[in-house]
Amino acid sequence: MEFGFSIGSCFKAPNPPVLISASPNKINFTLRRRNKRFLLRVSAVSYKEFAESALEETRKRIVLEPSHLQEKYSSMTGLDGKTELQMLAFKSSKIRLLRSMAIENETMQVFDFAGFMEPEYDTPIFCANFFTSTNVNIVVLDLNPLHQLTDQTDYQDKYYNKIMSIYHKYAETFPWGGKLTGESIKFFSPLVMWTRFSSSKEKHKALFSAFLEYYQAWLEMTIQVREEMEPSHVRANCEAQHKYLTWRAQKDPGHGLLKRLVGEAKAKELLRDFLFNGVDELGTKTFIDYFPEYQTEDGTVSDKRSIIGKSYETRPWDLTGQFIG
């Protein structure tokens, strides 16, 4: 998601180089820089366990089967020969795509887990984007609204108002993480957990708990939702999901990281065909069609992260989930 900063910049190698060594059974990392030694505690976390737990919860409730993407994308090694990318992709009768990407090397972990419904259902989009390094954790966890809440208050009543307690449970542990651009905020719900924190065992335990609670809430929605029979509503759902995918495929801050890890061509393929699959299938509108304010004089898409120039340094929803800007 476009956060108003580049997550990719967080992945640049330190200068001078930092060497990291770790024992598999310990959570102390020893860093050496110009013969100086110091200890930095990093919580022993594996985001693969997050994905496995979510899939286990899902299989308890519904029948999952592998997506056709699983054969094409399962694992990949970065250009450095060290970074591992592992992908999972599933579907069900209602879920168009439930997919996960986990990236690991000696200095970082990245976790991107999402769930997209078939167009016959208006359920929100499950979104978990986590990044962990030796210095910082950056977390976005949300049930992204399929339809913008400023346009459809009944959509917020239907999916969010009754589960705001989930957000409040973790609000103190995971406070607001800083600026979000005005363009990106409309893709978030009042449930969004957007935060930064230093690693600790307690924080990662709380994050795992929050991830599962958010996911269980989303999973329950997918089970309870009724199929939309009105063709115009199905088309509206389809276009709304395509708009979301188009934004993410064009403006996702992970593009820079993927480009460095696997090259530009493969990065674009992963974004459009795996992470945001559907951008080439669910509609024909372009990024400029949806977001004309980003068109430059030569007709291309502006690289600017914000056109309107507004950002939110504090949480723009009140305790009841109403948008206050």
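Visitor: How many bridges join strand β5 to β6?
Guide: Helices and strands are DSSP runs numbered from the N terminus, where a helix (H or I) needs at least four residues and a strand (E) at least two. Two strands are taken as paired if DSSP finds at least two bridges between them. Strand β5, which covers residues 75-77, runs antiparallel to β6, and the number of bridges that join them is 3.

Visitor: What kind of model is this?
Guide: Residues are numbered from 1 along each chain as its sequence is written, and side-chain values use heavy atoms, with hydrogens and water left out. Local features need pLDDT of at least 70 and side-chain atom pairs count only at pLDDT 80 or more, whereas totals for chains, interfaces and linings use all residues, since this is a predicted model.

Visitor: Which residue takes a positive phi in the hairpin of β5 and β6?
Guide: On the strands themselves, T77 stands opposite E84 in β6. Between the two strands lie 6 residues, and the one with a positive phi near 75° is G81.

Visitor: Which residue of β7 is the bridge partner of L85?
Guide: Strand β6 (residues 84-91) also pairs with strand β4 (residues 65-66) in the antiparallel sense over 2 bridges, and there E65 has K91 as its partner. With strand β7 (residues 95-104), β6 pairs in the antiparallel sense over 7 bridges, and a hairpin of 3 residues joins the two. In β7, the partner of L85 is I103.

Visitor: Is T58 buried or exposed?
Guide: T58 belongs to helix α1, residues 47-61. Contact means heavy atoms within 4.5 Å, and, leaving aside neighbours within four places in sequence, T58 is in contact with L64, L98, Y215 and L219. A residue is buried under 20% relative accessible area, exposed over 50% and partly exposed in between, using a 1.4 Å probe and protein chains only. Because its relative accessible area is 0%, T58 is buried.

Visitor: How are the rings of F111 and F211 arranged?
Guide: Rings of Phe, Tyr and Trp (its six-membered ring) pair if their centres lie within 6.5 Å, and planes under 30 degrees apart count as stacked, over 60 as edge-to-face and the rest as tilted. The structure holds 36 aromatic pairs. In one of them, the centres of F111 and F211 are 5.8 Å apart and the planes stand at 70°, so the pair is edge-to-face.

Visitor: How many residues apart in sequence are the parts that F111 and F211 tie together?
Guide: F111 counts as buried at 1% relative accessibility, and F211 counts as buried at 0%. Because F111 lies in strand β8 (residues 108-117) and F211 in helix α6 (residues 201-224), the pair ties together parts whose separation in sequence is 100 residues.

Visitor: Which helix holds Y215, the partner of F126?
Guide: F126 and Y215 form an edge-to-face pair, 5.2 Å centre to centre with 90° between the planes, and both residues are buried. F126 lies in strand β9 (residues 125-133), so the pair ties together parts 89 residues apart in sequence, and the helix that holds Y215 is α6.

Visitor: Over which ring does the charged end of R315 sit?
Guide: A charge sits over a ring if NZ of Lys or CZ of Arg is within 6 Å of the ring centre and within 35 degrees of the ring normal. The charged end of R59 sits over the ring of F90, 5.3 Å from its centre. For R315, the distance to the ring centre is 3.7 Å, and the ring is that of Y167.
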